[in-house]
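Please read this report alongside the sequence and the coordinates, taking each section as a guide to one part of the fold.

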Amino acid sequence: MTKLRLAIVGAGPAGIYAADLLLKAERKFDVSIDLFEQLPAPYGLVRYGVAPDHPRIKGIINALRDVLDRGDIRLFGNVRFGEDITLDDLKRHYNAVIFATGAVRDTSLDIPGIDALGSYGAADYVSWFDGHPDVPREWPLDAASVGVIGNGNVALDVSRMLAKHAEDLLVTEVPRNVYEGMKNSAVTDVHVFGRRGPAQVKFTPLELRELGELRDVDMVVYDEDFDYDEASKDAVASNKQVMVIDRVLQSWRKLDSVNNAGGTASRRLHLHFWAKPVEVRKDEQGRVAALVYERTKSDGAGGAVGTGEMREIPMQALYRAIGYFGSPLPDVPFDKKHGVIPNREGQVLETKSNQRVPGIYATGWIKRGPVGLIGHTKSDAMETVRHLINDQGSWWRPEQPEEEAIPALLQERGVLWTDLDGWHRLDAHEIALGEPEGRARIKVVPRDEMVRVSRD
Ligand SMILES: Cc1cc2nc3c(=O)[nH]c(=O)nc-3n(C[C@H](O)[C@H](O)[C@H](O)COP(=O)(O)OP(=O)(O)OC[C@H]3O[C@@H](n4cnc5c(N)ncnc54)[C@H](O)[C@@H]3O)c2cc1C
């Protein structure tokens with residue numbers, strides 16, 4: 001019987017779902033799958049993006065772990081495609097590869113002053129609070145007034161994690177260095193800016209409502225933002241999600257804390273709608289001093305146009321949460337404009353000619369761009385795997401398909417790879433660290449420590 005030797009690069013949900021679906025699919029050939037992951041731990045943004053105070057979503061890891069624990073997928077952690085293993089290597093050892101490398105960088109925002117000290121991308125802050133091994137251990141939380149640009153769920157995650165009191169994270173898996181950093185935060189006011197109105201936001205009701213439940217944090221909304229035109233009224237009346245968002249915001253308008261009149265909390269979270277950032281003002285040391293924004297208004301069709309009125313809010317730090325962006329991989333086509341691997345339903349295409357590149361597939365955020373929830377990566381994987389199965393005639397013909405060839409190659413290159421047993425050891429170690437404090441786990445952050453525990 002023909003055998004498909006498949007490499008999958010990236011052990012986030014997209015890569016793991018693709019492996020699972022292929023192994024379960026009806027097909028006329030045997031499959032053996034090697035999953036390469038640059039980090040010593042699997043699960044991608046579920047481990048390193050979803051906030052620590054969202055244990056229900058983090059729980060998706062249980063389903064992903066069940067797939068890996070079945071034992072029919074080999075995991076090679078701490079192996080980076082492009083450095084430790086190349087496309088030529090994969091062609092020599094496999095029939096095909098699926099790239100599921102996601103998106104970890106921030107989309108850039110081109111406004112004057114965005115390069116000021118104290119101006120950050122949300123992705124870096126998220127990586128810090130989720131204990132990603134490749135970001136610095138300390139994060140400067142010395143600003144009293146902080147801005148967050150964006151009106152999606154990541155903007156709300158970042159705002160919540162800026163406003164939340166560190167002690168309230170102690171029930172979660174938050175790493176020790178993050179708890180210590182947050183304990184000393186000087187923040188009093190977090191200002192969130194959205195270009196459009198309350199009826200056009202991208203965040204979901206659940207994430208919004210959660211802000212109102214933060215201990216010792218007053219929500220502040222501004223009456224002038226709720227002067228709805230017909231387009232906004234229609235959106236509220238016709239879309240259940242928008243209706244709930246509106247209801248939550250309206251309930252905050254009625255509170256004493258609105259417009260900062262009578263709120264008693266030590267921290268405030270302000271939501272500014274119809275506010276388009278135009279410039280970051282710097283102080284003499286080049287640090288963030290204020291955000292200048294233009295007041296916008298509805299264009300009548302769900303968009304916003306500038307009014308010419310400029311406003312300014314003093315702040316000492318600014319986070320832009322306007323989207324993630326994929327990174328190019330060596331020798332793999334890349335669409336620089338959209339930050340994805342160019343593809344047709346997961347079959348990778350040459351950048352210029354749009355011709356199919358045999359043997360190479362993509363799935364997840366690197367295939368479709370950084371939008372959508374974890375569940376969407378499953379339908380993505382289904383489409384990609386369907387093509388992979390049907391393309392049997394155009395698979396590569398590897399010179400060395402033997403399974404032992406891969407550990408031998410990594411060994412020869414001095415790569416300290418970690419395997420599934422190693423991940424089990426690290427997982428158990430983190431759970432044990434959390435036990436004395438009654439926590440589900442405490443994450444290990446330094447890469448060398450992760451590797452040491454895994455390879456013990
Ligand atoms: C801050 C944030 C919060 C989120 N919260 C939620 C939420 O609450 N609920 C929800 O449903 N969705 C949430 N999402 C969306 C969800 O995380 C994504 O839909 C999902 O993770 C995308 O899966 P993926 O496998 O394509 O990418 P990823 O999860 O990013 O996985 C990609 C994997 O590839 C690896 N990789 C990258 N490059 C290489 C390389 N060169 N070599 C080897 N390995 C490599 C990475 O290390 C990573 O493990 C959130 C996203 C973010 C950014």
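## The ligand and its surroundings

The model is a predicted one, and its ligand is surrounded by 30 residues, of which Ala14, Glu37, Leu45, Phe81 and Trp365 are the closest. Helices α1 (13–24), α2 and α7 (153–163) each contribute at least two residues to this shell.

Polar backbone atoms come within reach of the ligand at several places. A nitrogen atom of the ligand lies 2.9 Å from a backbone N or O atom of Phe81, while an oxygen atom of the ligand is 3.2 Å from a polar backbone atom of Gly372, and an oxygen atom of the ligand is 3.0 Å from a polar backbone atom of Ile374. Taken alone, the ligand would expose 1,000 Å², and the protein buries 94% of that area.

Which residues of α15 are buried? They are Leu420, Gly422, Trp423, Leu426, Asp427, Glu430 and Gly434. These residues cover an arc of only 155° around the axis, and therefore lie on the same side of α15.

## Ser232, a buried residue in α10

Ser232 belongs to helix α10, which runs over residues 230–238. With a relative accessible area of 1%, Ser232 counts as buried, because the cut-off for that class is under 20%. Leaving aside residues up to four places away in sequence, Ser232 touches Ala199, Gln200 and Trp274, and the side chains of Ser232 and Gln200 are joined by a polar contact of 3.1 Å.

## Ala144, a partly exposed loop residue

Ala144 sits in the loop between α6 (122–129) and β7 (145–149), where its relative accessible area of 30% makes it partly exposed. When residues up to four places away in sequence are not counted, Ala144 touches Ala186, Val187, Thr188, Asp189 and Gln316. Ala144 and Met315 are 171 residues apart in sequence, yet their C-alpha atoms are 7.4 Å apart in space.

Notes:
Residues numbered from 1 in each chain as written. Predicted model: local features only at pLDDT ≥ 70, side-chain atom pairs only at ≥ 80, totals over all residues. Heavy atoms only, no water. Buried < 20%, exposed > 50% of the residue type's maximum accessible area, 1.4 Å probe, protein only. Helix = DSSP H or I, 4+ residues; strand = E, 2+ residues; numbered from the N terminus. Arc of directions from axis to C-beta. Near = heavy atom within 4 Å. Polar contact = N/O pair within 3.5 Å; in protein donor to acceptor, adjacent residues only side chain to side chain. Areas by Shrake-Rupley, 256 points an atom, 1.4 Å probe, with all protein chains shown as cover. Contact = heavy atoms within 4.5 Å.
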